[in-house]
Structures are given as C-alpha cells and as structure tokens.
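Please keep the sequence and the structure in view while reading.

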Amino acid sequence: MTVEIRCVVNGGPGSVMVDLAGEFDLDAEANVLEAVERLFADGATHVTFDLDDVDFIDSSGVRVLVRLRRDHGDRVGLGATSPSVRRVLDIAGVTGLFADADHGGTGES
Amino acid sequence: MRRRVHAPSVIVLLVCLALTGVVSAVARAVRDDTELRLLRERTNEAAAVLTAAANSVRAPLAGAAAVGELTGGETDAFEAVIGRAIESGQFAGAALVDAADATAVVTVGAPLSLVFDGSERARAATDQSLAAPDLAVIDTLDLPGRRLGYGFTGSAPDGGTRFVVYAESVLPEQRFGAPRPQGAFEQLDYALFLVGGTGEDGADALTDANVLYSSLPALPRGGLDAVSRVAFGDRELALATTTDDVLGGDLTHRLPWLLLVGGVLFAAAAATVTEWLMRRRLDAERLAGDVARLYAEQHARSTTLQRSLVPRRLSVPDGFEVAVRYWPAAAGDEVGGDFYDVFALDDGCWGVTIGDVCGKGIDAAALTALTRHTIRAGARHLDSPAAVLRWTHEAIAADGADTYVTVCFGFLRASRDGWTLDLALGGHPPPLVLRSSGAVEPLGREGTVLGLVEPRLETSHHALGAGDTLLLYTDGLTDAPGGRALRDDEVRDVLAAITSASAEDVAERFDASIRARRPSGGADDTALLVMRVPGPTDTANRLDAVRAGASVQDRDMRTSVGAPAAPVADANTVVSARIGTLP
C-alpha cells in the first residue's frame with residue numbers, strides 16, 4: 001500500500017503537476033498533503049493532480065483532495081484520472097468541486 | 001506483601017553451598033597434609049642444628065680432658081683450656097674430677113649443681129663418664145639450678161684414665177613456656193627431651209620428666225606432630241614439634257576458609273541472581289498477561305463501541321424484511337466509522353440511513369454518533385432528505401473534525417400504490433433496488449460529502465413496489481485495493497441472480513461473496529442494509545389498517561409525494577408491536 005509521488009513543473013512558472021501512482025489511501029494521506037503544502041510554501045502558484053496511475057483511492061485520498069481544494073481554492077486542480085478514481089470522486093460528489101477549477105484556466109483535461 | 005522465594009533459587013543456593021563445603025574440606029585436607037610434611041622437614045632441619053650444637057659441646061671438653069691427663073691434673077692448664085668455653089657462655093661452670101674418688105680437683109666458673117665430693121651421685125656421674133665411649137650426658141634435671149651436665153674422659157700417655165672433665169650448661173629458666181629462639185625453631189612450638197641410654201624405666205619415653213625445656217606451656221594431650229631424634233653423647237635428644245603458626249604461608253593456611261567464605265558469598269550471589277531472573281521472568285509473564293488482557297479489553301471496548309454506533313433494533317415498517325451485515329476491517333481494534341439506522345417517524349414515515357465516516361478510532365466513533373443522532377433529530381423537523389443532510393453537514397462542520405462523512409438518507413412512506421422513497425446522497429454510493437421484475441437500478445442523485453465543503457445535495461423521488469428489495473451499503477463493499485471488493489457489476493449480478501429471496505438470503509449471499517473475496521477481512525469496514533418491501537397482500541392489508549385509523553393528522557413538515565395521512569398513534573403501535581422499542 002504505497003503511493004509514488006512525482007512532481008513535475010509544467011506550463012508556466014509555478015505551475016506544478018503532481019503525478020501520483022499506486023494506492024492513494026490512509027498511508028499516503030500525510031505524505032501527499034505534506035508534499036503539496038511544501039510546493040505552495042516553496043512558491044508554487046498552481047498544483048494539478050494527475051491521478052491517471054492511481055489504482056485505488058479511498059476516503060482518505062478523497063479527503064486530501066477536498067481539503068486542499070477547500071484551503072487553496074482553484075490553485076488546486078484535478079487533471080487526468082483513472083476510471084476507478086473518477087468513479088470514487090463522482091460518488092463522493094467532489095468532481096464538480098474541481099470542475100470549477102477548469103474554468104479557472106488551468107487547461108487540464 | 002510477603003515475597004515467596006522460588007524453588008530454583010533455593011536449589012542453586014543449596015548446590016553452591018554443598019560444592020563450597022566439599023571444596024573447602026578438600027582444600028583443608030590438602031593443607032593439613034602439606035602442613036605436616038612441612039613440619040617434619042622443619043623438625044629435621046632443627047634437629048640438624050641441634051646435632052651441630054651437641055658437637056660443639058664436645059670439642060672444649062675433649063680439649064680439657066686431654067690437657068688434664070697430659071699435665072697430670074694441673075689446675076692452671078685446665079682452667080686455661082676450659083676457661084674460654086666458660087667465658088663464651090657455653091658452660092656455666094666446670095670441674096676436673098679425680099676418677100678414683102669422684103672428687104673435684106679444681107672447679108672453674110659458677111658453682112656446679114652436681115658437687116663432686118665423693119658422694120654416691122658424684123660416683124655415678126663419674127662412672128657414667130668413664131663408661132661412655134665419648135661424651136657422657138649427665139642428667140641433673142632433678143637438681144636445683146636448671147643445669148645439664150656433661151662428662152668427658154681422655155687418656156693418659158700410659159693409656160689409663162685418671163680424670164673426668166665435668167661441665168654444666170645452663171638450661172632455660174622455664175622448663176615449660178620457654179621462649180622460642182630465632183632461626184630454625186621459628187614458627188615451631190617444640191619440646192626437647194633427653195632420652196635413651198641409661199636403661200632406666202621410662203627414660204626413653206617422651207614424658208614430662210624427660211623434658212629439658214619446651215616452648216609449650218604443657219605437653220599437648222594428643223602428642224606432638226613430629227619427632228626427630230639426634231644422638232647426643234651417650235644419650236639422645238628428642239625434638240618434638242608442633243606448629244602454632246602457618247608453615248605453608250598465609251595463603252595455604254587460609255585457603256580453605258577463603259574458599260568457604262567465597263563459596264558462601266558466591267552461593268548467596270548465585271541464588272540472588274537466580275531469584276532476580278525468576279522474578280523478572282514472572283514479571284514478564286505477568287506483563288504479557290496484562291498486555292493480552294488489556295488488548296482483549298480494548299478489543300471488547302471497540303466491539304462495544306462499534307455496537308453502540310448502530311441501533312440494537314431497527315424500527316422497520318410492518319411487513320418489511322430487514323437484514324444487516326457489518327464486516328469490521330481486518331486491523332480490527334479500531335472502531336470503524338460505518339453506521340446504519342432505520343427509525344420510525346410520525347404519520348407512517350420512516351427514516352432510512354447508511355453512512356461512513358472518513359477515519360477510524362475514537363474520533364471517528366464520536367463523529368459517527370454525532371452524525372447518526374443529528375440525522376435522527378433532523379428527520380423529525382425537516383421535510384426533505386437533502387435538508388436533513390445539509391443540517392447534518394452543518395453540524396459536522398461546526399464540530400470542527402476536519403474530516404467528512406458520506407451519508408445516504410431517505411424517507412420511506414407508504415403510498416396508495418406501495419411505498420415511496422425520497423432519497424438524498426451526501427457523497428455516498430447510490431443504493432440499489434432489485435425490482436420484483438429482476439431489474440437492478442441505482443437510486444438517488446450524486447451529492448457531495450458532508451462536513452468539509454459546502455455540499456451540493458439533491459432529493460430524488462422513487463417508488464417501491466411490492467417485492468422490491470432495497471440494498472444500502474458502504475463503499476467497503478465495492479471499493480478495496482487489489483480486487484478485495486465486489487465490482488459494481490458484480491454487486492448487480494449478485495442481486496440479479498436472486499429474484500425472490502428474503503432480505504436475509506440477500507444479505508447472506510453478499511456475506512458469502514465478501515468473505516470469499518477477503519477471507520482475512522478488508523482494509524475498511526463494510527456495512528450492508530437490505531430491506532425488502534412486503535408483497536402485495538401485506539401492503540394492501542397494511543393500507544387498509546392505516547385507512548381504518550380515520551382521524552387524519554396532517555403534518556406540514558412532511559407533505560411530500562402522496563404520503564397517506566396516517567394517524568400517529570396507529571403507526572407507532574404497529575411498529576412497536578413488531579420490534580418492541582421505539583425511539
């Protein structure tokens with residue numbers, strides 16, 4: 001039960017893609033939260049999650065996304081998602097939360 | 001509290017003490033043997049010294065005897081020869097004795113104890129000297145003055161013997177308790193006996209009478225350890241010794257005692273260490289027992305707490321079948337956050353809910369309780385499920401837990417055609433309904449999780465027909481890593497395969513599927529609530545009963561989709577008759 005965190009600077013300055021792979025669960029929650037908070041502390045202006053390689057996301061993973069979105073607004077965006085992640089996010093009703101971020105002009109698909 | 005000493009410690013103590021005793025005894029025997037051997041050697045050394053001393057007596061006497069014979073008893077010549085020995089302290093006094101009549105020709109030095117005056121005693125001494133082949137040792141111990149006499153005879157040029165030289169040396173003042181001299185006799189208690197030669201009775205025995213002198217206050221009763229005899233003129237000196245001190249050195253002497261003391265100390269230490277180890281082991285065992293008991297208590301508490309999070313009994317509408325399952329997570333000592341509830345409200349309306357708190361443990365349990373009771377309270381005052389969930393969201397957010405809860409909540413009401421379900425989803429998987437026709441449909445519209453962000457919530461309306469089965473579950477059923485959950489389509493397949501089963505059968509079917517998928521438990525708690533709408537006959541009967549209740553009590557707060565105007569008392573009576581308790 002591990003998650004791989006890879007941060008890639010993409011697009012304009014300060015825009016970072018956080019590429020997660022593996023299982024995004026309780027064990028990964030603190031690590032991901034800490035990594036993203038550090039990105040913002042280091043001057044990132046926008047963080048986009050790429051969850052295409054996440055096999056499994058549980059409520060803790062959803063909680064990370066919702067908290068970050070709540071605390072940082074549309075500076076946190078959601079990029080590609082695997083079908084299983086998309087399904088969980090849809091059920092949790094948080095996909096709409098991030099849909100607004102797309103209007104914010106991040107350009108993620 | 002009295003502390004019991006454990007058997008192994010006592011055994012160690014006794015074994016060590018026994019070994020110590022044996023080793024000490026052996027060391028003692030070896031020491032005694034060594035002591036005796038050393039004592040004999042030392043006594044022989046002392047005897048050798050004594051031999052030399054005896055020889056030194058002879059020389060001046062022999063000289064004086066020769067001079068006496070040669071000069072024919074000239075006193076000046078005799079005095080000159082013997083005077084040196086007297087001056088040196090070797091003799092106290094000496095006399096030149098006429099052998100014919102046993103009278104002194106001349107006496108030199110101190111007065112003699114044995115006076116040569118022709119007496120019988122003088123005659124005997126003279127005869128002894130004449131008879132002796134060399135030096136005669138003359139016993140004068142019975143006379144005053146503590147002297148020992150020596151007689152010596154020479155030969156005149158014509159071969160005859162006319163004179164006897166007699167001399168006396170001084171014995172130590174005390175016969176017993178004499179001081180020990182330095183040198184060979186050091187470390188020895190001794191007794192010097194004059195024995196043999198005269199043929200008298202007892203002359204050869206080591207008795208008090210024969211003692212010349214001794215360092216001992218009295219002869220020891222058990223005899224002396226070592227005896228060495230030395231020829232002394234016509235008689236013998238017997239040197240008997242015993243140690244009062246350590247011949248083999250301090251260490252040899254003390255070794256048995258050191259071993260004994262050391263052994264006892266070692267035994268005590270070994271027993272103490274054994275006892276300490278025993279106690280530590282027992283403490284460790286006790287601790288392990290405590291830990292196991294605490295773990296069991298903790299587990300029991302968790303179970304109790306878990307049980308408190310779901311109602312003991314569900315107040316389902318009359319005729320409804322209900323079945324519930326709860327699969328705790330594998331790491332089962334933390335309370336999970338899943339809950340469900342079915343409760344009766346007024347006027348023929350029931351609240352149905354299932355939910356899942358994100359998180360585990362006591363905090364999750366507290367939030368679960370808050371959520372469930374907030375829903376119950378909200379259901380009494382609000383008219384739509386979405387409003388109930390919004391109210392619940394506000395309560396959770398106000399609680400400040402900074403986590404979220406997913407909830408599915410609905411109002412279940414009897415209608416003319418069967419039942420209606422008004423439903424809202426707060427981030428929760430949609431319930432499924434297995435129609436009596438065999439079709440499986442998800443119910444409800446997507447809504448947001450409660451507690452973290454402003455939720456989007458919608459109420460949807462559904463009709464339930466007789467024989468429909470409602471399936472409410474938490475995401476543990478369908479979401480688990482590595483294929484340890486059922487996929488959505490698998491859930492539908494399980495449902496579709498059972499068209500006319502009881503609620504209990506359905507729950508049992510899912511139980512089997514889940515257990516096959518994760519025999520050792522899942523990562524997340526999973527809850528399942530199955531409700532089966534009663535058949536047409538049951539429903540008709542029930543509606544008749546409701547209508548027969550006559551008096552209508554409309555409630556403005558809950559006037560959605562064609563709910564029958566059911567009298568409160570009747571509805572409650574029906575339910576309470578079935579389950580016995582009511583909120």
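How many helices and strands does chain B have? In this predicted model, chain B has 10 helices and 19 strands. Of its 583 residues, 47% count as buried, and the accessible surface of chain B comes to about 27,000 Å², with 55% of that area belonging to carbon and sulfur atoms. Among contacts in chain B between residues at least 6 apart in sequence, 68% join residues at least 24 apart.

| Salt bridge | Closest N and O atoms |
|---|---|
| Arg281(B) and Glu285(B) | 3.4 Å |
| Arg293(B) and Asp290(B) | 3.2 Å |
| Arg376(B) and Asp341(B) | 2.6 Å |

Because Arg376(B) belongs to helix H5 (residues 361–381) and Asp341(B) to strand S11 (residues 338–344) of chain B, this pair ties together parts that are 35 residues apart in sequence; both residues are buried. Arg281(B) and Glu285(B), by contrast, both lie in helix H4 (residues 250–309), 4 residues apart, where Arg281(B) counts as exposed at 54% relative accessibility and Glu285(B) is partly exposed at 44%. Helix H4 also holds Arg293(B) and Asp290(B), 3 residues apart, about one turn of the helix.

A network of salt bridges links Glu29(A), Arg63(A), Arg67(A), Arg70(A), Asp71(A) and Asp402(B). Elsewhere, Glu4(A), Asp52(A), Asp53(A) and Asp55(A) gather in a patch of negative charge on the surface, to which strand S3 (residues 46–57) of chain A gives the largest share, 3 residues.

Conventions
Residues are numbered from 1 along each chain as its sequence is written. Chains are lettered from A and ligands numbered from 1 in the order in which they are written. This is a predicted model: local features need pLDDT of at least 70, side-chain atom pairs count only at pLDDT 80 or more; totals for chains, interfaces and linings use all residues. Side-chain values use heavy atoms; hydrogens and water are left out. Helices (H or I, at least four residues) and strands (E, at least two) are DSSP runs, numbered from the N terminus. Buried means under 20% relative accessible area, exposed over 50%, partly exposed in between (1.4 Å probe, protein chains only). Contact means heavy atoms within 4.5 Å. Accessible areas come from the Shrake-Rupley method with a 1.4 Å probe; for residues, only the protein chains shown count as cover. Patches are made of residues with over 30% relative accessible area and no salt bridge: like charges are joined within 9 Å, nonpolar side chains (Val, Leu, Ile, Met, Phe, Trp, Tyr) within 5 Å. A salt bridge is a side-chain nitrogen of Lys or Arg within 4 Å of a carboxyl oxygen of Asp or Glu. Lys and Arg count as positive and Asp and Glu as negative; His and the chain ends are not counted. The place of a charge is taken as NZ of Lys, CZ of Arg, CG of Asp or CD of Glu.
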